[in-house]
Amino acid sequence: ENNKQFFTTDEIFKQSKSIKIIPQKMVNGEGRLRIHKITMGIGLYFDSNSIISASKKEHISPVAETLPNLDFDLVVNNRGRLFDVENDSSSINFLRSGQKISIQYGQELLNGQVEWQQGATVFLREWSADDIQMNFRATDKFDSMNKMYYRGLYRVEGISLYDLAKDVFSDAEIDERDYWLDEYLKKVKISNPVPPMAHNKALQLIANVGRCLLNQDRDGKIYIKSSFLPVMRAHSDNATYFAKTE
């Protein structure tokens, strides 16, 4: 189902020596397939047999009074010394701050199959290891968005919170695929500049001004959406005489 210009998958190709790409259908008929970039890497997988403990703590303010916070701690078995700091080829040497961690919960069904649910997507902050166990600590996307935003301007004609949020994301070098903005933000305009502050704080300010909820979903995508009950009216063109649609 990779019918988009950008395609990503977390599948593991075990013991593979080659990959064949066969286009089933081209947008322009018999066009030429162009592959601009392929990125592959080594993934570490931990299951219930290797995980000693795991905990996830999450806090979200319904009115963006504070920044969302998600802390994830994972402890895995290291008795086989997979993560050995003295071994140059150890997997511990490939760990970097900001690497994505996907958390999934699996439940075995009556037919023996395992149904997986995405629990959260976090980003590696720090790690440590000894001869017995390996400790990972990860957090949300907002934690790394701590660089300063200096593009606040006073605008006589005003600017919508929607365009302002896009500018903050652009300055923070966040891809458009990694966030979603409520269309409602296009209807709210401000003139005052955003003061110099970190990108995550600027997003919090925008969400708070727009009475919106700022959070990160289970796939790691940032959302800014309205957090109030809008004015609504209900009507029906086919109701019984005693019905009260309102």
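Against which elements do the buried residues of α2 pack? The legends below take up this question and others for a predicted model.

Figure 1. The order of elements along the sequence is β-β-β-β-β-β-β-α-β-β-β-α-β-β. Along the principal axes, the C-alpha atoms occupy a box of roughly 70 × 50 × 50 Å. The radius of gyration of the chain is 24 Å, whereas a compact globule of 246 residues would have one near 18 Å. Buried residues make up 28% of the 246 residues. Of the contacts between residues at least 6 apart in sequence, 59% join residues at least 24 apart.

**Figure 2. Helix α2 and the elements that surround its buried residues.** The buried residues of this helix are His199, Asn200, Ala202, Leu203, Gln204, Ile206 and Ala207. They pack against β6 (148–149), α1, β10 (197–198), β11 and β12. After α2 comes Arg211, which has a positive phi, near 55°.

**Figure 3. The largest nonpolar core, made up of 28 residues.** In soluble globular proteins, nonpolar side chains tend to be buried together. Within this core, the residues that touch the most other members are Met145, Phe169, Leu181, Leu214 and Ile224. Two or more residues come from each of α1, β8, α2 (199–209), β11 (212–216) and β12 (222–226). The greatest contribution is that of α1, which supplies 6 residues. Beyond its neighbours within four places in sequence, Ile224 is in contact with Ala165, Phe169, Trp180, Leu181, Asp182, Leu185, Leu203, Ala207, Cys212, Leu213 and Leu214. Another core, of 14 residues, lies apart from this one and includes Phe72, Leu95, Ala120 and Phe136.

**Figure 4. Strand β12 and its pairing with β8 and with β11.** Strands β8 and β12 run parallel and are joined by 3 bridges. Leu181 has Ile224 in β12 as its bridge partner. Both Leu181 and Ile224 are also among the core residues that touch the most other members. The pairing of β11 with β12 is antiparallel and extends over 5 bridges. Here Cys212 stands opposite Ser226 of β12. The hairpin of β11 and β12 has 5 residues between the strands, and Gly220 in this hairpin takes a positive phi near 85°.

**Figure 5. Antiparallel pairing of β2 with β1 and with β5.** Strand β2 (residues 69–77) is joined to β1 by 8 bridges, and the two strands run antiparallel. The bridge partner of Ala54 is Leu74 in β2. Between β2 and β5, which also run antiparallel, there are 7 bridges. Asp73 has Arg137 in β5 as its bridge partner.

**Figure 6. Aromatic pairs, of which the whole structure holds 7.** One of them is tilted, because the rings of Phe46 and Phe136 have planes at 50° and centres 5.7 Å apart. Phe46 lies in the segment before β1 (51–59), whereas Phe136 belongs to strand β5 (residues 133–139), so the pair ties together parts that are 90 residues apart in sequence. Phe46 counts as partly exposed because its relative accessibility is 23%. Phe136 is buried, at a relative accessible area of 7%.

A stacked pair is formed by Phe169 and Tyr179, with 4.0 Å centre to centre and 5° between the planes. This pair connects distant parts of the chain, with Phe169 in helix α1 (residues 161–171) and Tyr179 in strand β8 (residues 179–181), 10 residues apart. Phe169 has a relative accessibility of 0% and therefore counts as buried. Tyr179 is buried as well, with a relative accessible area of 10%. Phe46 and Phe136 also belong, with Phe83, to one aromatic cluster.

**Figure 7. Lysine side chains placed over aromatic rings.** The charged end of Lys141 sits over the ring of Phe123, at 5.0 Å from the ring centre. Lys186 lies over the face of Tyr162, and its distance from the ring centre is 4.7 Å.

Technical notes:
Residues are numbered from 1 along each chain as its sequence is written. This is a predicted model: local features need pLDDT of at least 70, side-chain atom pairs count only at pLDDT 80 or more; totals for chains, interfaces and linings use all residues. Side-chain values use heavy atoms; hydrogens and water are left out. Rings of Phe, Tyr and Trp (its six-membered ring) pair if their centres lie within 6.5 Å; planes under 30 degrees apart count as stacked, over 60 as edge-to-face and the rest as tilted. Helices (H or I, at least four residues) and strands (E, at least two) are DSSP runs, numbered from the N terminus. Buried means under 20% relative accessible area, exposed over 50%, partly exposed in between (1.4 Å probe, protein chains only). A charge sits over a ring if NZ of Lys or CZ of Arg is within 6 Å of the ring centre and within 35 degrees of the ring normal. A nonpolar core is a set of buried Ala, Val, Leu, Ile, Met, Phe, Trp, Tyr and Cys residues joined through side-chain atoms within 4.5 Å. Contact means heavy atoms within 4.5 Å. Two strands pair if DSSP finds at least two bridges between them. The radius of gyration is taken over C-alpha atoms; the globule rule is 2.2 Å times the number of residues to the power 0.38.
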